[in-house]
Amino acid sequence: MAGSAELRLYNTLTREKTVFAPIDRDNVRMYVCGPTVYDFAHIGNARPVIVFDVLFRLLRHVYGADKVVYARNITDVDDKINARALRDYPGLPLNEAIRRVTEKTETQFLDDARALGCLEPTHQPRATENIGGMIEIIEKLLANGHAYQAEGEVLFDTRSMRDYGQLSKRNLDEQQAGARIAVDAHKKNPGDFVLWKLSSHNEPGWESPWGRGRPGWHIECSAMSQRYVGEVFDIHGGGLDLIFPHHENEIAQSRCAHGTEVMANVWMHNGFLQVEGRKMSKSEGNFVTIYELLHTEKFGGRTWPGEVLRLAMLMTHYREPIDFSIKRLEEAERLLAKWPAVDAGNAEPDAAVLAALADDLNTVAAVQALHALAQGGDPSVFAASAALLGVLPEKTEVDEAVALDIDRRVAARLELLKAKNFAEADKLRDELLAEGVQLKDGKDAVSGERVTTWELKR
Ligand SMILES: [Zn+2]
């Protein structure tokens with residue numbers, strides 16, 4: 001790392017902050033659990049998306065942009081999706097209804113992530129495109145005695161694993177005591193979980209050695225992480241609520257199938273999110289989606305730009321609980337307004353910003369250092385540092401054909417203005433704006449003629 005402190009990360013597995021040492025410096029691999037695509041992502045879902053984007057940026061800076069692989073999955077098979085498809089498209093065949101729900105929701109999620117200033121992960125695999133990999137892992141688990149079949153399900157046998165529960169530090173006996181035995185009479189142990197279950201004719205299903213069925217949620221991530229980041233990889237991330245049972249069970253499946261000592265070396269979890277001091281819930285009336293914040297006036301009577309949401313999120317350390325509020329958004333907005341919009345050029349990020357991020361992603365200290373830099377530091381160093389946090393728009397590369405088309409329409413609008421056809425000119429301007437092209441009208445300093453420049457807004 002360019003002359004500064006080494007990268008230290010808090011590992012949920014060891015409950016310690018330790019120096020990060022990748023398995024292969026030329027191929028640093030991270031997997032983060034992505035959304036289940038049945039509904040708009042809420043502001044709590046935005047937290048891991050932003051936090052792990054900052055880590056992705058930092059890793060790319062430290063090891064090289066082409067040396068880091070980041071996979072974030074799309075869970076597009078889940079009983080919540082079926083329920084939503086039946087509710088929203090009762091007239092359609094189920095497969096078609098499911099496709100509409102998942103496609104619409106996935107597109108919306110990707111739009112949200114882009115608006116929040118996140119880089120695209122290297123891979124964004126869909127569960128439904130990885131069913132074969134899931135079946136292979138389940139076959140291995142059955143063959144080596146870690147899984148069994150009962151009542152139309154294939155289940156993981158938690159007692160078969162010597163050290164099940166390491167991540168959540170739960171022991172099986174405690175789990176047994178609290179379980180409702182009657183409900184799960186077909187399970188050998190109450191903590192056993194579903195790898196595969198049979199589907200009825202009105203549920204989505206895939207052919208498998210155990211009949212037409214569908215995977216459990218946990219096996220999806222074991223299969224997709226294996227395919228895109230390997231049997232053992234560097235970092236696995238997600239929200240605190242995923243530690244148990246989801247991540248614990250991913251570990252059990254992957255380690256028992258591959259015969260490995262760990263699934264990922266470092267497990268990172270972001271803290272919970274509250275809204276205006278209360279747990280976010282539909283019944284509390286404080287449930288708010290990323291879309292609503294960006295595009296409607298539901299929260300605080302106005303829309304909020306993506307970079308304001310992002311900075312507001314980074315003003316709390318990722319492991320701390322965060323209270324998302326209008327006050328916090330306003331604070332982030334005031335801060336952003338004081339920062340210069342400049343190009344980084346070839347400048348390196350500021351050492352203090354880098355050191356803060358290298359200390360277990362201390363974005364709070366990084367934002368403070370960035371702010372200090374904004375008040376009189378080198379503007380290009382400021383921009384390079386801000387880019388590590390992703391809080392200022394990076395220079396957008398525009399496709400040449402797209403740029404030519406925009407130039408052509410901007411010129412056409414100038415002609416319309418000359419001809420005093422203001423209605424048509426405004427229409428063209430609005431069309432461009434809807435595509436994210438912002439026009440700036442001015443006068444040429446020498447000729448005094450009207451000129452229009454444009455830029456792409458994210
Ligand atoms: Zn997962």
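Some ground rules. Residues are numbered from 1 along each chain as its sequence is written, and side-chain values use heavy atoms, with hydrogens and water left out. As the model is predicted, local features need pLDDT of at least 70 and side-chain atom pairs count only at pLDDT 80 or more, while totals for chains, interfaces and linings use all residues.

Start with the metal. Which residues coordinate the zinc ion? They are Cys33 through SG, Cys221 through SG, His246 through NE2 and Glu250 through OE, at 2.0 to 2.4 Å. Donors here are N, O and S atoms within 2.8 Å of the metal (3.2 Å for Na, K and Ca); water is not among the atoms, so sites may look incomplete. The spacing in sequence is C-x187-C-x24-H-x3-E.

The angles among the four donor atoms run from 76 to 130°, and the site is irregular.

Histidine 246 and glutamate 250 sit four residues apart, about one turn, in helix α7, residues 243-258. Histidine 246 has 1% relative accessibility, so it counts as buried (under 20% relative accessible area, 1.4 Å probe, protein chains only). Glutamate 250, at 0%, is buried as well.

Now the whole chain. Buried residues are 50% of the 458. The C-alpha atoms occupy a box of roughly 85 × 60 × 45 Å along the principal axes.

Technical notes: Four donors count as tetrahedral if all angles lie between 85 and 135 degrees; four count as square planar and six as octahedral if opposite donors are over 155 degrees apart and all others between 65 and 115; anything else is irregular. Helices (H or I, at least four residues) and strands (E, at least two) are DSSP runs, numbered from the N terminus.
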